[in-house]
Every structure is written in C-alpha cells, then in structure tokens.
Amino acid sequence: MTPPTETPASGSARSAVPFEAGSAPVAAPLAAFRDWIETRALPFQAQAVRDPAGGFHERIAPDGHPVAMPRRARVAARQLYAFSRLAGLGLGDTVGPGLAGHARDMLLGAHIRPDGRIVPLAGGPEGYDLYDIAFCLFALAAAPEAVLPRAGACALAAQILTRLETGWRHPEMGFEEAMPRRLPLRSNPHMHLFEASLEWLATGPCDPRFEALADEIAGLCLARFLDPATGALRELFDGGWQIAPGAENAVEPGHQYEWGWLLLRWGALRDRAEARRAGLGLIDLAEARGLNADGLAASLLDPALAMADPTARLWPQTERIKAWALRARLATRRADAALTEAKAVEACQGLMRFFQHPLRGSWWENLAEGGAPRREPARTSSLYHIVGAYHELAALEARRSLPIAKEETRASSTA
C-alpha cells in the first residue's frame, strides 16, 4: 500500500512555523553530535564491536574487551537499523555500508528463518518473543535497497506478521507475552511494534496490515496504557489490560518521552487530536517530574510520580531529544518553536555527557546523580537509541516540516 502522508500537528501542511536559515541553536550541538558519530562511534563499531566471526559483541568493557554473552536477535536488528539510518544520512561512507551488511547477514543467517520464525538467541531454538519480533520487523523496514531488497524484506515481514497474528493475539487488543498466557502483559513490546509499523509506513509501499497494526496499538495505548489518575504511561498490566497494582509497576520517564514521540507521529499521520494531546502530555509529564538534579532524564518514578531512582541512563536522554525535536518541528507558533527547540538542544547536551568515556567512541550507560559514571560495559543495543536521536535532531535542523515520516530511510548504499 502507499502510506498516508504525515502532516504537522494541526493537520495543515502550512501550519508549521517557517524558520529562517541559520537562526536555530541546534546547528552547533548537531555538528558536535555528527562529528562524534563519524570520527569516534563508527570506527569503534567497526574495530571493537563488530565480530569478524559473525554479528556484534553485545557489550564492551571500559578497557575495550568484549564481554562474552549470547547474541540476541534484537541486537542484530538494532544494528541493521542503526547503520542503515546512518547511511541514509550520509554518515559512515567508509564503514557504515559494510557494517549494515554484516548486521543483515547475522539477522538473516542466525535469527530470522525464511518462513518467518524467529530465533531469539543465535544457535538456540526458535521461540516467541514479542520484543524480538518488533525489532526484526523494524530492521526489515529500515534496511536500504542495496543492503536488503525491498521485495525480500516485505516477504519476510509478511511471514513474521502472519505468525504473530495467528498465534499470539490477545482476545481484546494487542498480543500476549506467551502461550499459555504469562502475566503481566507489557506495554513496552507494543511500543516497539508501534514503532516498527510506523517505520513500514514511512519507508514506502508495504503490507496494509502495518497501517492497521499502528492504529490498533495507538488505540490500545490511549484506552489502556495511560493511567487516568496521573496521566502517566504505565508498564505492566493484568490479562484484561488493566493497570497492574504494586510499587514494581514503576513509571519510566524515558518511556513517557518515547510514547509521546510515537503518539505525535501517529497523531500527525492520522490527524488525531487526542493522540497529539496525549503525546504532548506525556512529554510534559516527563519534563516536569522525570528530570534529576542534574537536568537529566531519570530512571524511575514511583506510581504516584515521586522520584524513585534518579540515576540517569543513556537511552532516556535520546528519547527526550526525539520528543522535543519532533515537537519543535510540529510547532505552529514561533514562541513554541523556540522553546521546544531549546529543549531539544538541552537534551542533546545532556546526552553528550555520556560520551565522555576513556574508550574513544564508547559511552557510559549510567550516570549517578552528580554526574559520576557507573563503570560497567557499554551496551551495543544503545546505538539504536543514539542514532534515532541524531536522526530526529538532524530533521529538526533541516526544518523538514513535511513529510515527518517519509525521510531518507531507504537511501541507497552498498553492502
């Protein structure tokens, strides 16, 4: 199918604020971000993270040694997305395409069977994991033609989607965690299915089921995932999609930003005001309640939205960038555009603190309140978050008001 075009939040193609070239404060931090990716992160990925024997090391210790761990489908998928997206943005011309091909070979050789079955751990048995399925679908959508021909990607995605829908459907909405049923149900894998569906719609003709799936998950989020008492996006649910009780069902500021970004995208795509309002509300909630004393997105709030863990993890900073950058692109008033762009820049500056690492091109996963890093291995899976943040910030700097979703995600590259 030909995807509908995402439009600015008002539903009018002329509603986005016209920016003057060179007037934005985002140019300097974006340039620093790009330089770090091109001169540090990509060489590090090629030299230390890529395993010549196949796939990528899952974690790299601060001294540069890989940590022995099983190879997961979600990491191969995230790497395929990251290197494909960077190639589309003109980064990593010397190493990026080869890394994308390396990720493709791992994903298709070890994790996705030709009939659409998923192998969560390389060398292990086939199995069902909604999170892995979401990222496999996401990566297949993002891969450029030269790395993975669209026809083949569409065929594999159709197989995966058919298996998902015939075997794991929840009787009301969404999908089960396991069969027989395992509780609690989780919003997080559905968030990534939502993201994967929007990626398929963004990158060209696709299976019409992705449009229906995006609509379904958006509806599930608006109807069940949002806590009516606080407005927060919740993580855990009972078998009827009611919010699970207990302190362990914490509120994650990073997911408020991430769902906010997705709802803004879908709301613009569908011209759904309630989704745009919900997305803005989640971003505002995270900004008001979810920042620690250092101005970084914290790890956890309790169900009443009190700070539970002020540790700043890397990935919520990237979701903060994406949320504010898209919100700035959708702004319809100049004052709102200036404020939201400043927030995106502030979030980018926060993320850059994690890149102050003794290993060139690596990053810290966690900073304690006060800024001290936790000395632990860097997760390869975090590159997906970093690249997504760069992409959204670059779109803001370029002032791509239309279309929001149809970007250069399938630009040609060579494997």
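These legends describe close-up views of a predicted model.

Local features need pLDDT of at least 70 and side-chain atom pairs count only at pLDDT 80 or more, while totals for chains, interfaces and linings use all residues. Residues are numbered from 1 along each chain as its sequence is written, and side-chain values use heavy atoms, with hydrogens and water left out.

**View 1. The largest pocket holds about 480 Å³ of space.** A pocket is an open set of points on a 1 Å grid over the protein atoms alone, where a 1.4 Å probe fits, with protein on both sides within 12 Å along at least five of seven lines. Grid points are joined across faces, edges and corners, and volume is the space filled by probe spheres set on the points. Lining residues have an atom within 4 Å of a point. There are 21 of them here, and Arg-78, Tyr-131, Asn-188, Arg-313 and Trp-315 are the closest to the pocket centre. Helices α2, α6 (188–202), α8 and α12 (382–397) each supply at least two lining residues. α6 gives the most, with three. Helices (H or I, at least four residues) and strands (E, at least two) are DSSP runs, numbered from the N terminus. By class, the lining has four nonpolar, six polar and eleven charged residues. Ala, Val, Leu, Ile, Met, Phe, Trp, Tyr, Cys and Pro count as nonpolar; Asp, Glu, Lys and Arg are charged; the others, Gly among them, are polar.

**View 2. The second largest cavity has a volume of about 40 Å³.** In a cavity, the 1.4 Å probe fits but cannot get out. A search of the whole structure finds two cavities of 30 Å³ or more. Four lining residues are nonpolar, two are polar and three are charged.

**View 3. Helix α8 (residues 253–270) packs with helix α10 (residues 314–329).** Their axes lie 8 Å apart, at an angle of about 30°. Axes are lines fitted to C-alpha atoms, for helices over the stretch in contact, and angles run from 0 to 180 degrees between N-to-C directions. The two helices are therefore roughly parallel, a term for angles under 35 degrees. The crossing is left-handed: the near helix is turned anticlockwise from the far one by less than a right angle. Contact means heavy atoms within 4.5 Å. On α8, the contact residues include Trp-261 and Leu-264; on α10, they include Trp-315 and Trp-324. The contact divides into eight nonpolar, two polar and six charged residues.

**View 4. Helix α1 (residues 27–49) crosses α12 at roughly 145°.** Their axes come within 11 Å. This crossing is left-handed. Among the contact residues are Phe-33, Trp-36 and Ile-37 of α1, and Ile-386, Tyr-390 and Leu-393 of α12. By class, eleven are nonpolar, one is polar and two are charged.

**View 5. Two cis peptide bonds are shown here, one joining Met-179 and Pro-180 and one joining Leu-183 and Pro-184.** Omega is about -5° at the Met-179 to Pro-180 bond. At the Leu-183 to Pro-184 bond, omega is about 5°. Pro-180 lies in the loop between α5 (150–167) and β3 (185–186). Pro-184 also lies in the loop between α5 and β3.

**View 6. Trp-241 has a positive phi of about 65°.** Trp-241 is not a glycine. It lies in the loop between β4 (236–237) and α8.

Terms used
Parallel < 35°, antiparallel > 145°, perpendicular 65-115°, else oblique.
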